[in-house]
Amino acid sequence: MALKVIGSGFGRTGTKSAKDALEQLGFGPCHHMYEVIENPPQVAFWQDIAAGRPVDWNTVFHGYTSQVDWPGAHVWRELATAFPDAKVLHTRRPEASWVKSFSRTIGKLMYTYQTMELPPHIKDMMDATSHLITTETFKTRLDDQEGLLAAYRQRTEDVMAAIPPERLLVFDVAEGWEPLCAFLDVPVPDTPFPHQNVRADFWDRLGGEPDT
């Protein structure tokens, strides 16, 4: 099984909604950070990737038809090359709402995870993800909002420059089914577009939001 859809958008751009939508459209299972949290053997792949060791992308994404969210979004270029027939879905949302959501969830987690009571595999994954996101993607402190937004804008520019227009959809989940279904050439479902992953859900999966 090869990836048919590659997600290049940052976390907190509606990636959980996109995951659910892709699975409903027949492009599942869809790889997402939640998959890593629930599947400890996945962590070793991302430790290798963070350390710069080679991996086989078919093995990393074995059993998955699509991928969105970090950590997979970090290697969108490599995946676009490894799966040349896959389409690229670049999720994004208005800058102000993205940086606010990121700061209250992923950004806060990066600062606090070492003091949280988390399963060992999640802490190991956070170590790897912290390197990929903080060091390689943002290259700045996670409380530097202008730095975060600069990286956010740069990702969209990089994806649009690298991926041919016919292979790419820049997508806000608020747009609903129509652009996504047209891009993937599938019928529009007669059910509402899924909207998931509010702040409370993010922290509930990690045992609750820390006070600091």
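Helices are DSSP runs of H or I with at least four residues, numbered from the N terminus. In this predicted model, helix 2, helix 7 (106-112) and helix 8 each contribute at least two residues to the lining of the largest cavity. The largest nonpolar core has 25 residues, and another core, of 23 residues, lies apart from it. The whole structure contains zero disulfides.

**The cavity**

- One cavity of 30 Å³ or more is found in a search of the whole structure.
- The volume of the largest cavity is about 250 Å³.
- Its lining consists of 20 residues, and Met33, Asp69, Ile106, Leu109 and Phe202 are those nearest the centre.
- Helix 8 provides the largest share of this lining, five residues.

**Nonpolar cores**

- Within the largest nonpolar core, of 25 residues, the members that touch the most others are Ile6, Trp46, Trp57 and Leu79.
- At least two residues of this core come from each of helix 2 (33-37), helix 3 (42-50), helix 4 (57-60), helix 5 (76-82) and helix 8 (120-138).
- Helix 3 supplies the largest share of this core, four residues.
- Beyond four places in sequence, leucine 79 is in contact with Leu3, Ile6, Trp57, Phe61, Gln67 and Gly72.
- Apart from this core lies another, of 23 residues, which includes Ile133, Leu142, Ala151 and Phe202.

**Helix 3 and alanine 50**

- The buried residues of helix 3 are Gln42, Val43, Trp46, Ile49 and Ala50.
- These residues lie on the same side of helix 3, because they cover an arc of only 120° around the axis.
- An α-helix has 3.6 residues a turn, so residues three or four places apart point the same way.
- The cover over the buried residues of helix 3 includes strand 2 (30-31), helix 2, helix 4 and helix 8.
- Glycine 52 follows helix 3 and has a positive phi, near 80°.
- Alanine 50 belongs to helix 3 and counts as buried because its relative accessible area is 16%, the cut-off being under 20%.
- Not counting residues up to four places away in sequence, alanine 50 touches Ala128, His131, Leu132 and Glu136.
- Alanine 50 and glutamate 136 are 86 residues apart along the chain, yet their C-alpha atoms are separated by 9.4 Å.

**Helix 10**

- In helix 10 (residues 177-184), Trp177, Leu180, Cys181, Phe183 and Leu184 are buried.
- Viewed down the axis of helix 10, these buried residues fall within an arc of 160°, so they line one face of the helix.
- Among the elements that cover the buried residues of helix 10 are strand 1 (5-7), helix 1, strand 4 (87-91) and strand 5 (168-171).
- Aspartate 185 comes after helix 10, and its phi is positive, near 60°.

**Valine 88**

- Valine 88 is part of strand 4.
- With a relative accessible area of 1%, valine 88 is buried.
- Leaving aside neighbours within four places in sequence, the contacts of valine 88 are Ile6, Ser8, Val159, Ile163, Arg167, Leu168, Leu169 and Phe183.
- From valine 88 to aspartate 127 the separation is 39 residues in sequence and 27 Å in space, C-alpha to C-alpha.

**Lysine 19**

- Helix 1 (residues 15-24) contains lysine 19.
- Lysine 19 counts as buried because its relative accessibility is 6%.

- Cysteine 30 is in no disulfide, and the nearest cysteine sulfur, 14 Å away, is that of cysteine 181.
- For cysteine 181, the closest cysteine sulfur is likewise in cysteine 30, and the distance of 14 Å is too far for a bond, since a disulfide requires sulfur atoms within 2.5 Å.
- Cysteine 30 is buried, with a relative accessible area of 0%.
- Cysteine 181 also counts as buried, at 1% relative accessibility.

Methods:
Residues numbered from 1 in each chain as written. Predicted model: local features only at pLDDT ≥ 70, side-chain atom pairs only at ≥ 80, totals over all residues. Heavy atoms only, no water. Buried < 20%, exposed > 50% of the residue type's maximum accessible area, 1.4 Å probe, protein only. Arc of directions from axis to C-beta. Contact = heavy atoms within 4.5 Å. Core = buried A, V, L, I, M, F, W, Y, C linked by side-chain atoms within 4.5 Å. 1 Å grid on protein atoms, 1.4 Å probe; cavity = no way out; pocket = protein on both sides within 12 Å on 5 of 7 lines; lining within 4 Å. Points joined across faces, edges and corners; volume = space filled by probe spheres on them.
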